[in-house]
Amino acid sequence: MYEDEGELTPEQIEGLLAAMDTGKEVVAGSKIHRIMVAASERAMRITSRMNAQFNSMSDTLAQLETLFGRPLPKGVGLFPPFTTDCGLNTHLGEGVFINSGCRFQDQGGIYIGERALIGHNCVIATLNHNMDPSRRGNVTPSPVHIGADAWLGANVTVLRGVNIGDGALVGAGAVVTKDVPARTLVAGVPAREIRRL
């Protein structure tokens with residue numbers, strides 16, 4: 001694993017992930033919000049190195065392990081560039097493939113099941129800002145779960161709190177705002193069921 005200067009302490013990471021798991025609103029400027037910002041800066045340092053020059057797939061995966069703070073499961077693949085707002089709350093199953101240009105906002109937790117395919121330029125978001133303009137800097141986390149053998153086509157956006165079932169397929173360009181049942185094809189903005197697979 002790569003060394004990372006300015007690394008967060010294990011206590012800070014544990015506190016951040018615990019706070020995200022509660023699903024409670026994070027107030028802008030609060031202690032936990034400042035740790036979120038530090039985690040984002042850490043992620044930008046790692047991903048800027050990872051995306052700047054491709055040496056080998058094994059080198060890219062080693063940097064991804066540093067970003068996530070844990071070993072990768074067997075068979076994970078990723079084509080850079082890749083960016084994330086945090087990196088510490090993304091969880092991949094064996095054989096997951098993430099294509100180039102993807103952006104993960106993973107503070108609230110991104111869980112991707114075995115053999116899932118994430119197409120080019122997908123965005124997965126796990127935060128929402130407060131609707132009140134006077135509190136717009138506050139954010140509320142909620143995890144995204146993508147099932148085993150699911151496939152997100154190119155340019156898909158998945159919003160916070162969405163669960164995509166095993167074997168589901170999300171058509172290119174879709175914006176997924178609600179849960180997708182297993183073995184179901186959805187497409188459109190917002191994504192709607194097209195048919196069962």
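The axes of helices α2 and α3 in this predicted model come within 10 Å of one another and cross at roughly 180°, so that α2 is roughly antiparallel to α3. Axes here are lines fitted to C-alpha atoms, for helices over the stretch in contact, with angles running from 0 to 180 degrees between N-to-C directions; angles under 35 degrees count as roughly parallel, over 145 as roughly antiparallel, 65 to 115 as roughly perpendicular and the rest as oblique. The model is a prediction in which local features need pLDDT of at least 70 and side-chain atom pairs count only at pLDDT 80 or more, whereas totals for chains, interfaces and linings use all residues. Residues are numbered from 1 along each chain as its sequence is written, and side-chain values use heavy atoms, with hydrogens and water left out. Helices (H or I, at least four residues) and strands (E, at least two) are DSSP runs, numbered from the N terminus.

On the α2 side of this pair, Arg42, Ala43, Ile46, Thr47, Arg49 and Met50 meet Thr60, Gln63, Leu64, Thr66 and Leu67 of α3, where contact means heavy atoms within 4.5 Å. The residues of this contact divide into 5 nonpolar, 4 polar and 2 charged, given that Ala, Val, Leu, Ile, Met, Phe, Trp, Tyr, Cys and Pro count as nonpolar, Asp, Glu, Lys and Arg as charged, and the others, Gly among them, as polar.

Helix α3 has 12 residues, which at 1.5 Å a residue should span 16 Å, and its end C-alpha atoms are 16 Å apart, in agreement with that value; the expected span is 1.5 Å times one less than the number of residues. The helix is mostly covered, with 9 of its 12 residues buried, a term that denotes under 20% relative accessible area, as against exposed for over 50% and partly exposed in between (1.4 Å probe, protein chains only). The buried residues are Asp59, Thr60, Leu61, Ala62, Gln63, Leu64, Thr66, Leu67 and Phe68, and what covers them includes α2, β1, β2 and β3. After α3 comes Gly69, which has a positive phi near 75°.

Helix α2 itself, spanning residues 31-52, has 22 residues and reaches 32 Å from its first C-alpha to its last, close to the 32 Å expected. Its buried positions are Ile32, His33, Ile35, Met36, Ala39, Ser40, Arg42, Ala43, Ile46, Thr47 and Met50, and these pack against α1 (10-22), α3 (57-68), β1 (77-78), β2 (82-84), β9 (127-129) and β10 (139-141).

With α1, helix α2 packs at an angle of about 115°, the two axes being 10 Å apart, so α1 is roughly perpendicular to α2. The contact is made by Gln12, Gly15, Leu16, Ala19 and Met20 of α1 together with Ile32, Ile35, Met36 and Ala39 of α2, and its residues divide into 7 nonpolar, 2 polar and no charged.

Met36, which takes part in that contact, is placed in helix α2 and counts as buried at 6% relative accessibility. Leaving aside its neighbours within four places in sequence, Met36 is in contact with Leu16, Met20, Val26, Gln107, Leu127 and Val139.

Cys86 lies in the loop between β2 and β3 (90-92) and is buried, with a relative accessible area of 2%. Beyond its neighbours within four places in sequence, Cys86 is in contact with Leu16, Ala39, Arg42, Ala43, Leu67, Asp106 and Gln107.

Several loops carry backbone features of note. A cis peptide bond with omega of about 5° joins Pro80 and Pro81, and Pro81 is placed in the loop between β1 and β2. The peptide bond from Val189 to Pro190 is likewise cis, with omega near -10°, and Pro190 is found in the loop between β17 (184-187) and β18 (192-196). Positive phi in a residue other than glycine occurs at Asp149, where the value is near 65°; Asp149 is found in the loop between β11 (144-146) and β12 (151-152) and counts as partly exposed at 39% relative accessibility. Arg183, which is not a glycine, has a positive phi of about 50° and lies in the loop between β16 (175-176) and β17.
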